[in-house]
Amino acid sequence: MNRTDITRALDDLLFTPDLDLDEAIDRHTVTLTLTDGRTSRIEVHLFARMAPDGRFRTVEETTRPLTDHPDDEHLGLIH
């Protein structure tokens, strides 16, 4: 799978009217700067079903930390 950034992926989904997609899959990396100045990175895998009008109908994401800090295991979790 070729890596793409989230901006390009969303542009492709939102601004390419001839795309005939019922499902969308993307993998992207998110870089976070925390309030203490530390930087963390997580990889996000996105799986979506599209509505007929082109909007997301459902989105499921799974994440994994790419940095090796004990607090990073909680990034991307919904509590």
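Reply: The side chain of Ser40 makes a polar contact with the side chain of Arg38, at 2.8 Å. The model is a predicted one, and this distance, like the other values below, is computed from it.

Ser40 lies in strand β2, which covers residues 39-50. With a relative accessible area of 0%, Ser40 is buried, because buried means under 20% on this scale. Leaving aside residues up to four places away in sequence, Ser40 touches Val30, Thr31, Leu32, Leu34, Thr67, Asp72 and Leu75. Among these, Val30, Thr31 and Leu32 fall within β1, which spans residues 23-33.

Three strands form an open sheet in the order β1-β2-β3, with antiparallel pairing. β1 (23-33) and β3 (56-65) stand at the edges and have a single partner strand each, so one side of each is left without a neighbour in the sheet. From one strand to the next the twist averages 25°. As a general point, strands of a sheet pair through backbone hydrogen bonds, either parallel or antiparallel.

β2, the strand of Ser40, is paired with β1 in the antiparallel sense through 11 bridges. Its pairing with β3, also antiparallel, extends over nine bridges. Leu46 illustrates both pairings: Leu46 is the bridge partner of Asp26, and Leu46 also stands opposite Glu61 in β3.

The connections between the strands are hairpins. In that of β1 and β2, five residues lie between the strands, and Gly37 takes a positive phi near 95°. The hairpin of β2 and β3 likewise has five residues between its strands, and Gly54 in the turn has a positive phi of about 95°.

At the level of the chain, there are one helix and three strands, and from the N terminus on the elements run α-β-β-β. Of the 79 residues, 19% count as buried, and Ser40 is buried. Of the contacts between residues at least 6 apart in sequence, 30% join residues at least 24 apart. The accessible surface of the chain comes to about 6,300 Å², and 51% of this belongs to carbon and sulfur atoms.

Methods
Residues numbered from 1 in each chain as written. Predicted model: local features only at pLDDT ≥ 70, side-chain atom pairs only at ≥ 80, totals over all residues. Heavy atoms only, no water. Helix = DSSP H or I, 4+ residues; strand = E, 2+ residues; numbered from the N terminus. Buried < 20%, exposed > 50% of the residue type's maximum accessible area, 1.4 Å probe, protein only. Polar contact = N/O pair within 3.5 Å; in protein donor to acceptor, adjacent residues only side chain to side chain. Contact = heavy atoms within 4.5 Å. Pairing = 2+ DSSP bridges. Axes fitted to C-alpha atoms, helices over the stretch in contact; angles between N-to-C directions. Areas by Shrake-Rupley, 256 points an atom, 1.4 Å probe, with all protein chains shown as cover.
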